[in-house]
Amino acid sequence: MMFEFRVQAVCPETGARAGELVTPHGIIETPVFMPVGTRATVKAMSPREMEEIEAQIVLSNTYHLYLRPGVELIEKAGGLHRFMNWHRPILTDSGGFQVFSLSGINRIKEDGVEFSSHLDGSRHFMTPELATRVQEGLGSDIAMCFDQCVELPCDEETARKSVERTLRWARRCKEVHRRDDQALFGIVQGALFDDLRKDCARELIAMDFPGYSIGGLSVGESHDEMYRILDLLNPILPQEKPRYLMGVGFPTNLVEGVARGVDMFDCVLPTRNGRNGTLLTSRGKFNIKHSRFEEDWGPIDPDCDCYACREFSKAYIRHLYRSGEMLGARLCSWHNLRYLISLMKGAREAILEGRFPQFRDRFHELFSTGKV
Ligand SMILES: Nc1cc(CSc2ncc[nH]2)c2nc(N)[nH]c(=O)c2c1
Ligand SMILES: [Zn+2]
């Protein structure tokens, strides 16, 4: 069996799940945080270091790799796993979101999206078929349908049109998808409109995808609005299939997403914030450049087992950061990634041991104190 998802335990109080996702490149234990490697690298981290922090799966981007170096080159290298020397699972996003958020002048047509490359302004036309073909060429284990994510706030008519287009495009992706060693996920859209979200989910479920992504969130809505949509979709999406909440997120959103039946998360936060000195810890977040750390000889996080926390002081990392030294960005990213990976590992263990509600309360109690 190329692709299989097994739910191993469900928290009776919340519905949080612990599971195993079997892929051609290995088994993923869920809930899982997936580091983002947009241009075929998780910034500042080598594959060996990613294995050391127990990263199980990394993300990459169709949009970026299609523009540079091009899927043809990566196919000649033997696919993305060989090209980047990462032999665990890879998930690729379809490019829809990036076309709208990164490229210049884009024009949506029924057939696809016309856009200018953010690299050199060259004109391109991305279609559901091309997005699917590129992901098959990259050889990721999990691929995304080409969807249309709308910016918030948006009116119901605009959201309805994006749902209808997303569904037509999902059918077209499924129609041309051939690789049986790659799972294609449908992406639920519908902005913050309950009926649109339910209709979109039901139509995608009827197409019988092996997993479902929840798109159109973490795009500026409040936490409560995000949680309302998750509460709405949790009972509708098939319990026996994985749920992936795209672009999320901040530690509190991860724990609350797990409590609402989400299995997979990704976010650029740990590496992007790491590079500007913002650190995520069990006791809240802080920025290392603050003067209060000048003579702080302690670790970033006393509860963290990562290389940065075991071997270096906050004072030293602050010095590196202020001097613009690359090691500063590396150590901050290293810690933030390990923190989120460990947070999901802890949630999984708590669910398996029947103590997730206590884990969740303890997390909020410590994280919100901001006692750093
Ligand atoms: N918030 C958010 C984030 C992403 C990027 S997920 C990602 N790709 C690469 C790294 N991370 C989304 N992607 C798609 N296709 N659709 C969405 O609605 C959407 C929403
Ligand atoms: Zn650490």
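**Sheet, helices and ligand site of the predicted model**

Strands β1 and β2 (residues 17-23) run antiparallel and are joined by six bridges, where strands (E, at least two residues) and helices (H or I, at least four) are DSSP runs numbered from the N terminus. The model is predicted, so that local features need pLDDT of at least 70 and side-chain atom pairs count only at pLDDT 80 or more, whereas totals for chains, interfaces and linings use all residues. Residues are numbered from 1 along each chain as its sequence is written, chains are lettered from A and ligands numbered from 1 in the order in which they are written, and side-chain values use heavy atoms, with hydrogens and water left out.

Within this pairing, valine 7 has glycine 19 of β2 as its bridge partner. The open sheet has three strands in the order β1-β2-β3, with antiparallel pairing, two strands being paired if DSSP finds at least two bridges between them. Its edge strands, β1 (4-10) and β3 (26-30), each pair on one side only.

In helix α14 (residues 326-352), Tyr339, Leu343, Gly346, Ala347, Ala350 and Ile351 meet Phe356, Phe359, Phe363 and Phe367 in α15, contact meaning heavy atoms within 4.5 Å.

Ligand 1 is surrounded by 20 residues, of which the closest are Asp93, Asp147, Gly216, Leu217 and Asp266, a residue being counted if one of its heavy atoms lies within 4 Å. A nitrogen atom of ligand 1 lies 2.8 Å from a polar side-chain atom of aspartate 93, and an oxygen atom of the ligand is 2.7 Å from a polar backbone atom of glycine 216, polar contacts with the ligand being pairs of N or O atoms within 3.5 Å.

Conventions
Polar contact = N/O pair within 3.5 Å; in protein donor to acceptor, adjacent residues only side chain to side chain.
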